[in-house]
Amino acid sequence: MRQEQLLGAGFARDLAETPAALGRALDANAEPLDDARLLVAGAASVRLLGVGSSRHAAGVGAAALELAGLRADVPPAPGAAVPPPVLHPADVLVVVSQSGETPSLVSAAQRARGLGCRVISVTNSRGRLAALADVRLYCSAGPERVVAASKSVSSSALLLRALAGDVDARPLVTAVEQLLGADTSRLVAGAHPGHVVAGGLGAEWVAAEAALKLAETGGRLVTGEPLVEHLHGPVAVPVTTLALVEPDDPNAARLSGDVARIGSDPSYELVLARLTDPACAAVLALVAGQVAALAWARRGGVDADAARGLSKVTRTA
């Protein structure tokens with residue numbers, strides 16, 4: 001085995017298990033999903049909370065709910081100096097956490113219950129958050145080997161998409177399988193990106209997740225924003241851009257300089273299947289960002305499995 005392939009072996013194994021995790025997530029949660037859909041359908045507003053990658057999954061879920069005609073948003077990540085979101089008894093709070101133990105999210109769920117809100121948890125393991133929830137959804141992704149989350153993020157996002165209505169996950173699973181088997185050498189042929197941009201549903205969350213993964217797995221800090229926001233300022237900084245965009249997005253043509261593109265155009269450096277469900281396309285883009293982060297870490301000789309002082313449960317106040 002090439003030395004490069006040994007780097008980030010744990011993260012690579014977690015990624016390889018993503019199709020199976022996505023394939024079982026909906027069936028494993030069939031009954032609680034029905035209960036959760038009833039709650040969100042009757043809610044005055046759906047507020048989705050998370051921190052880090054879980055917040056990015058929550059953002060994709062909120063975008064899917066909005067697309068379905070439901071009122072949904074993602075307040076700021078909770079913390080001691082952050083004003084808590086305004087909640088009313090008719091609101092539903094959806095709390096997303098891979099560990100199910102993030103202290104600030106546990107506190108937010110306790111506060112919501114005290115205000116009379118119903119709570120839905122989305123976790124990858126049973127913990128305090130699940131114990132507090134009225135409805136519990138489990139990613140069923142299995143334990144992750146490294147700090148940088150992957151399969152649990154995409155499974156969370158798919159479950160949140162399912163809150164908006166029935167979804168056939170099979171095209172997504174097939175697309176992820178194809179992505180994981182793709183050659184990434186063209187994608188990483190140029191300089192390491194300094195920007196990450198994305199288009200489509202949940203663009204800001206897709207870009208933020210890819211940027212976070214580049215930091216967690218490769219130790220490189222990059223900007224991450226929607227394509228339209230990028231064109232309002234950051235584009236002026238002449239560094240390589242990683243762009244998760246579709247060729248029919250007219251703004252994509254305005255990207256200039258060194259651009260590594262991921263999308264359905266056969267000429268792109270990493271080609272994705274074109275999915276008809278916008279939220280499933282966003283989940284696929286989340287996985288593509290994770291794949292790109294691993295590829296760049298390996299190209300730079302960096303071990304994507306290294307913790308870099310991070311832990312699965314970030315114990316912020």
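The disulfide count is zero, a disulfide being a pair of cysteine sulfur atoms within 2.5 Å. The model is predicted: local features need pLDDT of at least 70, side-chain atom pairs count only at pLDDT 80 or more, and totals for chains, interfaces and linings use all residues. Residues are numbered from 1 along each chain as its sequence is written, and side-chain values use heavy atoms, without hydrogens and water.

The sulfur of Cys 280 lies 15 Å from the closest cysteine sulfur, that of Cys 139, which is too far for a bond.

| Residue | Relative accessible area | Class |
|---|---|---|
| Cys 117 | 4% | buried |
| Cys 280 | 3% | buried |

Across the protein chain, 54% of the 317 residues are buried.

The protein chain has twelve helices and ten strands, taken as DSSP runs (helices H or I, at least four residues; strands E, at least two) numbered from the N terminus. Its radius of gyration is 19 Å, close to the 20 Å that the globule rule gives for 317 residues, so the chain is as compact as a globular protein of that length. The radius is taken over C-alpha atoms, and the rule is 2.2 Å times the number of residues to the power 0.38. The C-alpha atoms fill a box of roughly 55 × 40 × 40 Å along the principal axes.

The charged end of Arg 126 sits over the ring of Tyr 138, 4.0 Å from its centre; the criterion is NZ of Lys or CZ of Arg within 6 Å of the ring centre and within 35 degrees of the ring normal.

Methods
Buried < 20%, exposed > 50% of the residue type's maximum accessible area, 1.4 Å probe, protein only.
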